[in-house]
Amino acid sequence: MAEHRSVRFSAPRPSWRPAGDGTPLAGLECGTVTVPVDHARPDGPTLDLALARHPARSPGRRRGVLLVGPDDPGNPGTLLVPRLVGDLPAEVLDAYDVVGFDHRFSGGSAPLSCGLTPDQWLWIFHRPRDVESEARFQRAVVERCFDAAGDVLPYLTSRNIARDMDVIRRALGEDRLSYLGHSYGSYLGAVWTQMFGEHADRVVLDSVIDPLSVWRRMFLDYAVSCEAALERWAHWAAGRNGELDLGRDAPTVRAALDALAGRADREPVPVAGMPVDGTMLRLFTMVLLSSDRAWGFLGDIVRAAVHGAEAAPSTLGALGAMFGRGKEESGAVAQLGVLCGDAAWPRDLEVYRRDLAGHGARYPFIGPAMAGPKAGAFWPVPPAEPVTVLGADNRAESILLVQSERDMFTPARGARRMRELLAHNTRLVTLAGAEQHRVFPFHGDPGVNGAAAAYLLTGKLPDADVTLRAAAAEPATGPGRGPEGSAS
C-alpha cells in the first residue's frame, strides 16, 4: 500500500555549495533538505538533513539521481559518497548524480548528544556479567537518552527515514529516484520501496538484512555467523602458523584468540599500540572478519598481541583507516533510536536469561553480548507503527539484490528471504566463495560490478537469479584499505 503521510510537506531545492578542502567530503557538493520531525504534523518542528552530491560526469547522458542510504543506523550516509566515487564503475558515475544523506538525528543532520560515556556508546557490544547488572547498564543508557532527547527519539525510525527520502526526492525535483543501499541501507531501501515504490526507479540492495529479523533476531544472528567466520579464519591462520605462530590447527588458534579476549576483559591489552578492552577487541575482530581480504590484518593483530610484538605498518594503516575517525556519540544514539524504536523487544528478563544460557554459551566469542538484555527491553514508549510488511504490493518496478555467500554481518539467508517476499520484482546476484560485507562496488568483483552496473544503466534485471564465483582472494598484507563498513 502506497504511503502518503509526507505528501503535504514540501522542501525547497537544496542550494549546493562546494565542500571545504581538507574535509572528508572535499571535491563534493553539500546541501540540506528540510523535513518535519513528525510527518503527521508537517507544520510542526523541522530539522535539516545534510546531503553530499557528486554530479553526473556526463550531463548529456545523465539519467537521474542515485540516492545512497546509510549502511548502519549510526553511520553518516554522506561519507559513503567519496568512497563510491572511488569505486563505482565509470559509466555509472557518468550517468548518475550520486547523492548521500545523513539520516535524521545523525552525522550532520541535527545529531543528538545525551551525555553518554564511551562504554555506553558501545551499548550494542557491551558484554554482560549477568542479566541483572546488564539490565541496569542498558536501562541507564535509555534513561539518559530520554532525559536529554525524549521529545524526538520516538521519531527516529526507519519508516520516518523513508519518508524523509521521499521529501529529498521531491526537493531534488525527481519523479523517481534510483537507490543503492548496503546492510542497514538494504532494509531501509526495502521499507522505502514498500512505502513509496511508485517513485523508485532502479534499486540495488546489497548485503541484505533479513527483514524478519528486525531487530532482536538480528543480534542473535550476529553471534551465529561470527562464530562460523571465526572457525574459517582459525583454519586459515593455522595454515600460516610459520608466519603467525598462533597454532598448527584451528582449535589452538581459537584458544589463543579466546585467551587474549579473556585477558582484555580483565584489563586492557596493547593492540596495535593502543590499550584495548574486551569489547573493543571483539569489535575489531568482527569488523576484520567481515572481509576475507582483511584476514591478514586480523592475524597480524592477534599475533602481535599474543606474543607482545609490534604489528606491521600495513596493519596499523588499515586500522587507522577503519577506526581512526572514532565513534561519535550521536551515532550511538541514532543506532539506539532505530534499533529500539522500530520494533518491540522482549521485556521479560527471563527471555534474556534463557538466551544467555543457551545462545551465549554456544557462541562464546560475541554471543553473550548479543544474547543479553539490550536497550530495547527498556524503551519507554511502544513503537509508533508496526514493522513494515514486505510483499507483493511493493510497487517498485524492479530491485536487484546483491549478496556474498559468507557475509558475516548480514548472512545470505536475508537476501534469500527478501527474494521470496518480493518474488515479483527482484532478482538475486550471489557472489559464491566470498566473505565480504558490502559487495558492490567495494569488493571489486568484475562479475558483480558488471551485473549491477548493467542494471543501473539499462533498468533490465537478469532473466533469472545469478551465482558468480569469486576469485580466490589473498588477504591483504601490504598497504591498502580494509573492509568497507562495519556494524559499529
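The dialogue below goes through aromatic pairs, helix packing and backbone features in a predicted model.

Q: How many aromatic pairs does the structure hold, and what describes such a pair?

A: A pair of aromatic rings is described by the distance of the centres and the angle of the planes. The structure holds eight aromatic pairs. In one of them, the ring centres of F219 and W345 are 5.2 Å apart while the planes stand at 80°, and because planes over 60 degrees apart count as edge-to-face, this pair is classed that way.

Q: Which parts of the chain does the pair of F219 and W345 tie together?

A: F219 belongs to helix 7 (residues 216–238), whereas W345 is in the loop between helix 13 (329–341) and helix 14 (349–362), so the pair ties together parts that lie 126 residues apart in sequence.

Q: Which geometry does the pair of W236 and W295 have, and where do its residues lie?

A: W236 and W295 are also paired edge-to-face, with 6.1 Å from centre to centre and 70° between the planes. This pair, too, links distant parts of the chain, since W236 is in helix 7 and W295 is in helix 11 (residues 295–307), 59 residues apart. The relative accessible area of W236 is 13%, so W236 is buried, and W295 is buried as well, at 7%.

Q: Where does the charged end of R282 sit?

A: The charged end of R282 is placed over the ring of F365, at 5.7 Å from the centre of that ring.

Q: What describes two packed helices, and at what angle do helix 7 and helix 10 pack?

A: Two packed helices are described by the angle between their axes and the distance between the axes. For helix 7 and helix 10 (residues 278–289), the angle is about 75° and the axes are 10 Å apart; the two helices are therefore roughly perpendicular to each other.

Q: Which residues meet where helix 7 packs with helix 10?

A: From helix 7, the residues C226, A229, L230 and W233 meet T285, M286 and L289 of helix 10. By class, the residues of this contact divide into six nonpolar, one polar and no charged.

Q: Is M218 buried or exposed, and which residues does M218 touch?

A: M218, which is placed in helix 7, has a relative accessibility of 10% and so counts as buried. If residues up to four places away in sequence are not counted, M218 touches I209, S213 and L339. M218 and A90, which are 128 residues apart in sequence, are 35 Å apart in space from C-alpha to C-alpha.

Q: Which peptide bonds are cis, among them the one from V214 to W215, and where are they placed?

A: The bond from V214 to W215 is cis, with omega near -20°, and W215 is placed in the loop between strand 7 (200–206) and helix 7. F440 and P441 are likewise joined by a cis peptide bond, with omega about -5°, and P441 is in the loop between strand 11 (426–432) and helix 17 (446–458).

Methods. Residues are numbered from 1 along each chain as its sequence is written. This is a predicted model: local features need pLDDT of at least 70, side-chain atom pairs count only at pLDDT 80 or more; totals for chains, interfaces and linings use all residues. Side-chain values use heavy atoms; hydrogens and water are left out. Rings of Phe, Tyr and Trp (its six-membered ring) pair if their centres lie within 6.5 Å; planes under 30 degrees apart count as stacked, over 60 as edge-to-face and the rest as tilted. Helices (H or I, at least four residues) and strands (E, at least two) are DSSP runs, numbered from the N terminus. Buried means under 20% relative accessible area, exposed over 50%, partly exposed in between (1.4 Å probe, protein chains only). A charge sits over a ring if NZ of Lys or CZ of Arg is within 6 Å of the ring centre and within 35 degrees of the ring normal. Axes are lines fitted to C-alpha atoms, for helices over the stretch in contact, and angles run from 0 to 180 degrees between N-to-C directions. Angles under 35 degrees count as roughly parallel, over 145 as roughly antiparallel, 65 to 115 as roughly perpendicular and the rest as oblique. Contact means heavy atoms within 4.5 Å. Ala, Val, Leu, Ile, Met, Phe, Trp, Tyr, Cys and Pro count as nonpolar, Asp, Glu, Lys and Arg as charged, and the others, Gly among them, as polar.
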